[in-house]
Amino acid sequence: MSTTPRGERLIIALIGKRNAGKSSLINALVGQDIAIVSEVPGTTTDPVDKHYELLPLGPVTFYDTAGVDDTGELGEMRVKSTRKILYRADIVLFVSDNLAFNEAELSMLQRIKEMDIPALMIFNKTDLRQPDPSSVEYCELHQIKHVAVSAKDRTAILEAKNELIKLAPKYLTENRILVGDLIKPKAMVILVAPIDSAAPKGRLILPQVQVLRDLLDHDACVLTVKETELKDALAALKTPPDLVITDSQAIEQVNRETPDGIALTTFSILFARYKGELDTLLTGIRRLDELKDGDRVLIAEACSHHVQKDDIGRNKLPRWIKEFTKKDLQFEVFAGHDFPEDLEKFAVAIHCGGCMINPMEMNRRIIEAQRRGVPITNYGLTISKVQGVLDRVIKPLYPKE
Ligand code: SF4
């Protein structure tokens with residue numbers, strides 16, 4: 001079983017009409033029969049995810065979706081599910097059966113274009129017929145790269161794979177740094193990792209492990225403690241640490257116990273920068289100062305995790321935000337892959353760290369919020385803001401300002 005975090009997998013959605021050969025194409029691309037293939041149109045109903053190692057990209061998830069031309073009440077629901085998959089997709093493989101595009105295909109292609117998702121047109125079934133000239137013309141006009149293949153005979157599959165690889169987003173190919181550029185080699189860094197009831201049993205959470213690994217890659221000396229041992233760790237060091245990185249939930253205590261001259265930041269802020277979201281989320285956080293009585297606040301979580309007692313999204317954040325703003329606010333929580341359709345009714349959106357979704361999906365949510373005029377920020381920045389420590393925790397990332 002792959003141990004790659006879900007947030008680091010490339011998500012490839014296969015979109016097209018019923019019986020265009022989406023499942024066969026997955027099998028041809030990976031060289032295995034991992035998707036059920038049937039001549040009966042509509043065999044794939046809800047989107048099905050298949051994990052695979054696609055070299056040289058590494059781990060990918062293929063979403064085999066229902067046909068865009070599915071009909072009836074159930075069919076419409078399936079098409080809706082397919083549309084939702086687009087929010088998660090890094091790349092779309094649009095599979096055509098080589099007939100002229102119909103209305104359903106054109107509508108979906110338009111949506112993909114609006115969402116600015118890199119797409120490759122696969123004209124499948126060359127064993128039966130060549131691509132319809134009008135469809136080829138459409139692709140040329142809209143600058144959609146296209147390849148003609150036969151998934152059944154497995155012809156031109158390598159060409160399709162090479163074109164697919166070219167569409168991979170930069171974040172998968174760039175060598176990104178989480179924290180190493182903020183420190184000098186041999187720097188002493190303290191990581192504060194609370195082990196409370198929300199912490200997974202027997203292990204640290206992924207962001208903590210990733211930061212630790214990045215620090216080790218950059219030759220730092222790292223001391224990891226719970227917030228209850230921070231004072232002891234600071235007292236035990238001969239010289240003050242160069243940097244303290246804490247979970248946002250312990251920021252109030254860590255800020256209080258870490259002397260002013262020591263640089264302090266949070267895992268959340270490091271990840272927001274790593275994913276290229278920090279500036280936008282910092283703009284969104286300003287909205288907290290402008291909230292009025294009656295405003296609605298969206299709390300968005302990217303997965304439906306087990307809800308804890310005094311849960312961060314459902315209890316703590318609403319409480320802290322109310323205390324901070326002294327306003328009578330209404331909070332709504334959305335968990336999972338759904339992003340509310342009536343986003344405009346919210347005065348601000350506060351999103352979780354999104355550790356279970358890929359950066360592209362998170363980015364798409366941010367763009368969607370911006371497009372609809374809703375300022376968006378995240379849990380970590382909000383906690384730092386309401387605790388009055390935001391300026392301090394972003395300073396290590398903007399040292400000259
Ligand atoms: S940060 Fe978001 S995606 Fe990660 S576990 Fe929490 S709710 Fe789920």
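**Sheets, helices and domains**

Mentor: Helix H12 (residues 312-325) lies across E11, E12 and strand E13 (348-351), at about 150° to E12. Helices (H or I, at least four residues) and strands (E, at least two) are DSSP runs numbered from the N terminus. Axes are lines fitted to C-alpha atoms, for helices over the stretch in contact (heavy atoms within 4.5 Å), with angles from 0 to 180 degrees between N-to-C directions.

Trainee: What should I know about the model itself?

Mentor: This is a predicted model: local features need pLDDT of at least 70 and side-chain atom pairs pLDDT 80 or more, while totals for chains, interfaces and linings use all residues. Residues are numbered from 1 along each chain as its sequence is written, and side-chain values use heavy atoms, without hydrogens or water.

Trainee: Back to that sheet, then. In what order do E11, E12, E13 and E14 run?

Mentor: The order is E12-E11-E13-E14, in an open sheet of 4 strands with parallel pairing; strands pair if DSSP finds at least two bridges between them. Strand E12 (330-335) and strand E14 (376-378) are the edges, each pairing on one side only. From one strand to the next, the twist averages 25°.

Trainee: How many bridges join E11 and E12?

Mentor: Strand E11 (residues 296-301) and E12 pair in the parallel sense over 6 bridges. Within this pairing, valine 297 stands opposite phenylalanine 331 in E12.

Trainee: Now the other sheet. Is the pairing in the sheet of 6 strands parallel, antiparallel or mixed?

Mentor: The pairing is mixed, and the open sheet runs E2-E3-E1-E4-E5-E6. Strand E2 (48-54) and strand E6 (145-148) form the edges, since each is found to pair on one side only. Here the twist averages 25° from one strand to the next.

Trainee: In which sense do E2 and E3 pair?

Mentor: E2 and strand E3 (residues 58-64) pair in the antiparallel sense over 7 bridges. They form a hairpin with 3 residues between them, and leucine 54 stands opposite glycine 58 in E3.

Trainee: Which strands does H1 lie across?

Mentor: Helix H1 (residues 22-30) lies across strand E1 (10-16), E2, E3, strand E4 (91-96) and strand E5 (119-123), running at about 165° to E3. Helix H3 (residues 103-114) also packs on the sheet, where it touches E1, E4 and E5, and its direction makes about 165° with that of E4.

Trainee: How many residues of H1 are buried?

Mentor: H1 is mostly covered, with 9 of its 9 residues buried; buried means under 20% relative accessible area, exposed over 50%, partly exposed in between (1.4 Å probe, protein chains only). Among them are Lys22, Ser23, Asn27 and Leu29. The buried residues of H1 pack against E1, E2, E3, E4, E5 and helix H5 (157-166).

Trainee: What follows H1?

Mentor: Glycine 31 follows H1, and its phi is positive, near 70°.

Trainee: Changing topic, how is the chain divided into domains?

Mentor: There are domain 1 (6-173), domain 2 (181-271) and domain 3 (288-386), with bounds from an automatic or database domain assignment. The C-alpha centres of domain 1 and domain 3 lie 32 Å apart. Across that pair, 15 residues of domain 1 are in contact with 12 residues of domain 3.

Trainee: And leucine 10, is it buried or exposed?

Mentor: Leucine 10, which belongs to strand E1, counts as buried because its relative accessibility is 0%.

Trainee: Which residues touch the most other members of the largest nonpolar core?

Mentor: Ile190, Val211, Leu215, Ile245 and Leu317 do so, in a core of 69 residues. A nonpolar core is a set of buried Ala, Val, Leu, Ile, Met, Phe, Trp, Tyr and Cys residues joined through side-chain atoms within 4.5 Å. Helix H10 (residues 267-274) supplies the largest share of this core, 6 residues. The core lies between domain 2 (181-271) and domain 3 (288-386), because both give residues to it.

Trainee: What does leucine 215 contact, beyond its neighbours within four places in sequence?

Mentor: Leucine 215 is in contact with Val179, Ile183, Val189, Leu191, Ala220, Val222 and Ile245, those neighbours aside. There is also a second, separate core of 26 residues, including Leu10, Leu120, Val147 and Val149.
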